[in-house]
Amino acid sequence: QVQLVESGGGLVQAGGSLRLSCATSGLTFHSYTMAWFRQAPGKEREFVAAISRVSWRGIRTSYADSVKGRFTISRDNGKHTVDLQMNNLSTEDTAVYYCAGDVVPESFQTPPDAVREYGFWGQGTQVTVSS
């Protein structure tokens, strides 16, 4: 049974940092592309960042424009975890953050940013940024 469990959310002031972590089990982690999405109240779930599995292309990452330069996604294939380091947070980053994963075809040049490409999801962790 595939399980994704997020941790690390909380309350932080604008300009601060948080590090989210997603612990996985029940999957062949090194074969999975992993991603973070977020959903603010009244809004649709949106892409944040993704990281590919290790392949002949190396490890590729992709980011939403709104987080480029502030967020960094990383994975630890030994620990089966994927992290999201979030710096210089703003109130607009307030949302529930979800970890997602799936086996993605190599035809993708960069890790996909669409919700439909990921079949496995965690329960989410709340991030609240105060002004």
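**View 1. Polar contacts of E6.** The backbone nitrogen of G124 lies 2.9 Å from a polar atom of the E6 side chain. That side chain also reaches the backbone nitrogen of Q123, at 3.1 Å. A polar contact is a pair of N or O atoms within 3.5 Å; within protein, one must be able to donate a hydrogen and the other to accept it, and residues adjacent in sequence count only if both atoms are side-chain atoms. This is a predicted model: local features need pLDDT of at least 70, side-chain atom pairs need 80 or more, and totals for chains, interfaces and linings use all residues. Residues are numbered from 1 along each chain as its sequence is written, and side-chain values use heavy atoms, without hydrogens or water.

**View 2. The setting of E6.** E6 sits in strand β1, residues 3–7. Strands are DSSP runs of E, at least two residues, numbered from the N terminus. E6 is buried (under 20% relative accessible area, 1.4 Å probe, protein chains only). Yet E6 has no salt bridge (a side-chain nitrogen of Lys or Arg within 4 Å of a carboxyl oxygen of Asp or Glu). R45, the nearest side chain of opposite charge, is 7.5 Å away. Not counting residues up to four places away in sequence, E6 touches several residues, among them W36, C22 and C99 (heavy atoms within 4.5 Å).

**View 3. The disulfide of C22 and C99.** The structure holds one disulfide (cysteine sulfur atoms within 2.5 Å). C22 and C99 form it, with sulfur atoms 2.1 Å apart. The pair links distant parts of the chain, 77 residues apart: C22 is in strand β3 and C99 in strand β9. Both cysteines are buried. The link is left-handed, with -80° about the S-S bond.

Terms used: Helix = DSSP H or I, 4+ residues; strand = E, 2+ residues; numbered from the N terminus. Buried < 20%, exposed > 50% of the residue type's maximum accessible area, 1.4 Å probe, protein only. Lys, Arg positive; Asp, Glu negative; His and termini not counted.
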